[in-house]
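User: Hi! Could you walk me through this structure, helix by helix where you can?

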Amino acid sequence: MRILFIRTTALTESKWQQAFHRTGHSVDYFTDLFSGDRALALIPYCAVMIEMPPQDIHVIQMLSRWRSKGVKTPVMILSHERLAARRVAVINAGADDCVEVPPDPEELLARIRAIVRRGYAITSSRLHCGDIAFDTTTREIFVGEKLVRLTARETALLEIFMMHGRRTLSKNYLVEKIYSWQKGIGSNVVEVFVSGLRKKLGRHVIRTVSGQGYMLTGNSEKDDE
């Protein structure tokens with residue numbers, strides 16, 4: 001997943017940042033609401049995290065504006081606010097969840113995954129498509145009953161495919177969903193990871209749709225020798 005993080009203070013990030021990167025997620029950082037707002041208008045982020053200082057009203061105003069404009073991207077608030085009424089106001093303004101700073105890394109990951117699933121109307125943490133099963137909590141992937149080992153980036157790409165079911169996804173969309181601006185990437189990076197998924201999950205598991213992109217089929221059957 002690619003996540004937008006708007007941070008407003010010197011929040012210690014090492015532990016939760018390591019947790020996100022370890023699971024193949026990318027994070028774009030901005031230090032002000034205006035820049036984050038512009039980034040969200042350009043990139044189809046999987047989720048947004050916003051650090052909210054005490055007594056802040058600007059985050060609430062921006063959330064209300066996003067929701068009134070029809071922005072549906074899930075939003076997680078990292079709050080320095082200790083008053084429950086203020087946290088309630090953030091939820092009412094359109095945030096999907098709110099945790100106190102500093103967040104536990106694993107809890108933050110779990111909550112982010114939960115609000116993203118809700119955005120796709122997915123209730124279970126275990127995703128299925130054909131022969132493929134993906135446990136988003138443990139990050140384990142199965143083909144039938146067989147556990148398959150993927151790299152962190154291959155796992156992140158498969159998660160995007162499975163969140164969208166059997167929809168055709170363009171190459172540009174996939175790049176925007178998994179890579180941050182801070183990462184230099186090659187022009188064929190999607191092809192490389194799709195090739196890796198096919199080798200490990202089955203040649204027909206992802207179909208190339210000419211001129212449009214790729215579609216997850218869930219068919220892990222190999223060609224006859």
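Analyst: Happy to. One term before we start: a residue counts as exposed when its relative accessible area is over 50%, and as buried when that value is under 20%. Also keep in mind that this is a predicted model.

User: Thanks. Which residues are exposed on the face of α4 turned away from its buried side?

Analyst: Ala-85 and Asn-92 are the exposed residues carried by that face of α4.

User: And which residues of α4 are buried?

Analyst: Helix α4 spans residues 84–93, and Arg-86, Val-90 and Ala-93 are buried there. Looking down the axis of α4, the buried residues fall within an arc of 65 degrees, so they line one face of the helix.

User: What covers them?

Analyst: The cover over the buried residues of α4 includes β3 (47–52), α3 (58–68) and β4 (75–79).

User: You mentioned α3. How do α3 and α4 pack?

Analyst: Their axes are 8 Å apart, and the packing angle is about 20 degrees. α3 and α4 are therefore roughly parallel to each other, and their crossing is left-handed. On the α3 side the contact is made by Ile-60, Leu-63, Ser-64 and Arg-67, and on the α4 side by Arg-86, Ala-89, Val-90 and Ala-93. By class, the contact of α3 with α4 has 5 nonpolar, 1 polar and 2 charged residues.

User: What follows α4?

Analyst: Gly-94 follows α4, and its phi is positive, near 135 degrees.

User: Where is phi positive in a residue other than glycine?

Analyst: I can point to Gln-55, with phi near 65 degrees, and Ala-121, with phi near 60 degrees. Gln-55 lies in the loop between β3 and α3, while Ala-121 is found in the loop between α5 and β6 (126–129).

User: Are those two buried or exposed?

Analyst: Gln-55 is exposed, with a relative accessible area of 56%. Ala-121 counts as exposed as well, at 68% relative accessibility.

User: While we're on backbone details, where is there a cis peptide bond?

Analyst: A cis peptide bond joins Val-101 and Pro-102, with omega at about 0 degrees. Pro-102 sits in the loop between β5 (97–100) and α5 (105–119).

User: Switching to α2, which of its residues are buried?

Analyst: In α2, which covers residues 33–42, the buried residues are Leu-33, Gly-36, Asp-37, Ala-39 and Leu-40. Viewed down the axis of α2, they fall within an arc of 165 degrees, so they line one face of the helix.

User: What's on the other side of α2, and what covers the buried residues?

Analyst: Phe-34, Arg-38, Ala-41 and Leu-42 are exposed on the other side of α2. As for the cover over the buried residues of α2, it includes β1 (2–6), β2 (26–30), β3 and α3.

User: OK, now Phe-20. Is it buried or exposed?

Analyst: Buried: Phe-20 has 0% relative accessibility. Phe-20 lies in helix α1, residues 14–22.

User: What does Phe-20 touch?

Analyst: Leaving out residues up to four places away in sequence, Phe-20 touches Ile-3, His-25, Val-27, Met-49, Leu-108, Leu-109 and Ile-112.

User: Last topic: at what angle do α6 and α7 cross?

Analyst: The axes of α6 (residues 152–163) and α7 (residues 171–178) cross at roughly 120 degrees and come within 10 Å. That makes α6 oblique to α7. The crossing of α6 and α7 is right-handed.

User: Which residues meet there?

Analyst: From α6 there are Arg-153, Ala-156, Leu-157, Ile-160 and Phe-161, which meet Leu-174, Lys-177 and Ile-178 in α7. The residues of the contact of α6 with α7 divide into 6 nonpolar, no polar and 2 charged.

User: And where does Thr-151 lie?

Analyst: Thr-151 lies in the loop between β9 (146–148) and α6. Thr-151 is partly exposed, with a relative accessible area of 36%. The C-alpha atoms of Thr-151 and Leu-83 are separated by 42 Å, and the two residues are 68 residues apart along the chain.

Note on methods:
Residues numbered from 1 in each chain as written. Predicted model: local features only at pLDDT ≥ 70, side-chain atom pairs only at ≥ 80, totals over all residues. Heavy atoms only, no water. Axes fitted to C-alpha atoms, helices over the stretch in contact; angles between N-to-C directions. Helix = DSSP H or I, 4+ residues; strand = E, 2+ residues; numbered from the N terminus. Parallel < 35°, antiparallel > 145°, perpendicular 65-115°, else oblique. Left-handed = near helix turned anticlockwise from the far one by under 90°. Contact = heavy atoms within 4.5 Å. Nonpolar A, V, L, I, M, F, W, Y, C, P; charged D, E, K, R; others polar. Buried < 20%, exposed > 50% of the residue type's maximum accessible area, 1.4 Å probe, protein only. Arc of directions from axis to C-beta.
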